[in-house]
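The sequence and the structure are shown first.

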Amino acid sequence: MAKRNEIAISKKIPVLDMSYEVKELKPQIMDAIEGVLDIGAFIMGQNVKKFEQEAAEYFGVGYAVTLNSGTDALVIALLASGVGAGDEVITSPFTFFATAEAINRIGATPVFVDVDPYTFNLDPLLLESVITSKTKAVIPVHLFGQSVDMDPLLEIARQHNLIVIEDVAQAFGGQYKGRKVGTIGDAGCFSFFPSKNLGTYGDGGLLITDNPELAQKATMLRAHGSKKKYYNELIGFNSRLDEIQAAILRVKFPYIDDWNEGRREASRRYRELLGGVERIVLPVEESYAKHVYHQFTIRVLNGRRDELQAKLDAEGISSIVYYPLPVHKLPVYEGQYGSYPIAEDLSHEVLSLPIWPQIEESTQQYIVQKIVKALQ
Ligand SMILES: *Cc1c(COP(=O)(O)O)cnc(C)c1O
């Protein structure tokens, strides 16, 4: 076997290497796609129906509604819960823009609370300080694969009659106190974007809920607001999951728990290898959470993050900054928000290292060796 050093020269270490799963599952995936072609039902066929049943079973929920994307899942979950124009929705300023965008998209206003510097998740104890008579919902984002501390959040939400919509785009299969995230609030919204822990080979999304009215409204909204074709009752969307994507997801779905274990294993190795390295803060795994490490995100102190990233790049190691700007600092919101200092600090310090379920220990050793060298 060639040494990592030699490989690194010819092939850069990516942040996510999907070639392992493609190699393992390609024959099954090609069969599944061929099956769809042979049957010839491309929209709302058997694979979509079966995947929805399988997802409802996996999560132990009443309803699983597949959609076109995670972003649409958030938009549709908000609308189906009765959130709309003029309402305020509280969320994290340290997330992918889609969380806040979904709130604006339905005419509501995102309201932010700052995050915890060790988990990167919104601090539920800050919720109360921003609740107004207009506050209608809260969207906890289980960032990088780790659950938000849901019990205090639910208590405040209950007291103020707020709807809780979980953004689970990065935490498929993650848990909070033994319960799967996405099943804790009124609805859970997932993304099947290719790089997510469970991704398809295109776009896709899922909304899960135990609330029959919410599920029915979401099901109508995804198909032009109709229960019965050509008898439209609501202004909806075209937001269905493609049959081919559903067929691919059904091949990959049985592997998700093993893949998440692989990510957890890899994160344990990173912790061992990086433990004691100065100027690096490791992500904290809370005892209430089963973290599924969509990202393994370290903080690099003393303003050396960009330098470290550049040096790793020069050694053939990719890394990525999630997120270089907190949401409230995005150009689209210019001048609209005040300061969320922890989210702002994090945007200068975070660096997500290569991680995927099958990443080899030797690759991680090589990466850490170069991190140590770069920070000397
Ligand atoms: C990926 C992601 C989304 C959006 O999902 P898409 O399927 O890409 O629309 C929403 N929220 C978070 C936190 C995400 O990471």
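In this predicted model, the side chain of D167 places an N or O atom 2.8 Å from a nitrogen atom of the ligand.

| Residue | Part of the residue | Ligand atom | Distance |
|---|---|---|---|
| D167 | side-chain N or O | nitrogen | 2.8 Å |

The shell around the ligand numbers 14 residues, of which G70, T71, D167, S191 and K196 come nearest. By class, the shell divides into 4 nonpolar, 8 polar and 2 charged residues. Helices α4 (70-80) and α5 (98-105) each supply at least two residues of this shell.

**The seven-stranded sheet**

An open sheet of 7 strands has the order β1-β9-β8-β5-β4-β2-β3, with mixed pairing. At its edges stand β1 (63-67) and β3 (109-112); each has a single partner strand, so one side of each is left without a neighbour in the sheet. On average, and with direction ignored, neighbouring strands of this sheet are turned by 25° against each other.

Within this order, strand β5 (residues 163-167) runs parallel to strand β8 (residues 187-191), and 3 bridges join the two. D167, whose side chain is in polar contact with the ligand, has C189 of β8 as its bridge partner.

Helix α7 (residues 212-222) lies across β1, β8 and β9 and runs at about 20° to β1.

**The three-stranded sheet**

Another open sheet consists of 3 strands in the order β7-β6-β11, and its pairing is antiparallel. Here the edges are formed by β7 (179-180) and β11 (289-290), each with a single partner strand, so one side of each has no neighbour in the sheet. Strand β6 (residues 175-176) is joined to β11 by 2 bridges, the two strands running antiparallel. In this pairing, Q175 stands opposite K290 of β11.

**Backbone features in loops**

Which residues are joined by a cis peptide bond? The bond lies between Y322 and Y323, with omega at about 10°. Y323 belongs to the loop between α10 (305-314) and α11 (341-349).

F120 is a residue other than glycine with a positive phi, near 70°. This residue, F120, is found in the loop between β3 and β4 (135-139).

How values were computed:
Residues are numbered from 1 along each chain as its sequence is written. This is a predicted model: local features need pLDDT of at least 70, side-chain atom pairs count only at pLDDT 80 or more; totals for chains, interfaces and linings use all residues. Side-chain values use heavy atoms; hydrogens and water are left out. A residue is near a molecule or strand if one of its heavy atoms lies within 4 Å of it. A polar contact is a pair of N or O atoms within 3.5 Å; within protein, one must be able to donate a hydrogen and the other to accept it, and residues adjacent in sequence count only if both atoms are side-chain atoms. Helices (H or I, at least four residues) and strands (E, at least two) are DSSP runs, numbered from the N terminus. Ala, Val, Leu, Ile, Met, Phe, Trp, Tyr, Cys and Pro count as nonpolar, Asp, Glu, Lys and Arg as charged, and the others, Gly among them, as polar. Two strands pair if DSSP finds at least two bridges between them. Axes are lines fitted to C-alpha atoms, for helices over the stretch in contact, and angles run from 0 to 180 degrees between N-to-C directions. Contact means heavy atoms within 4.5 Å.
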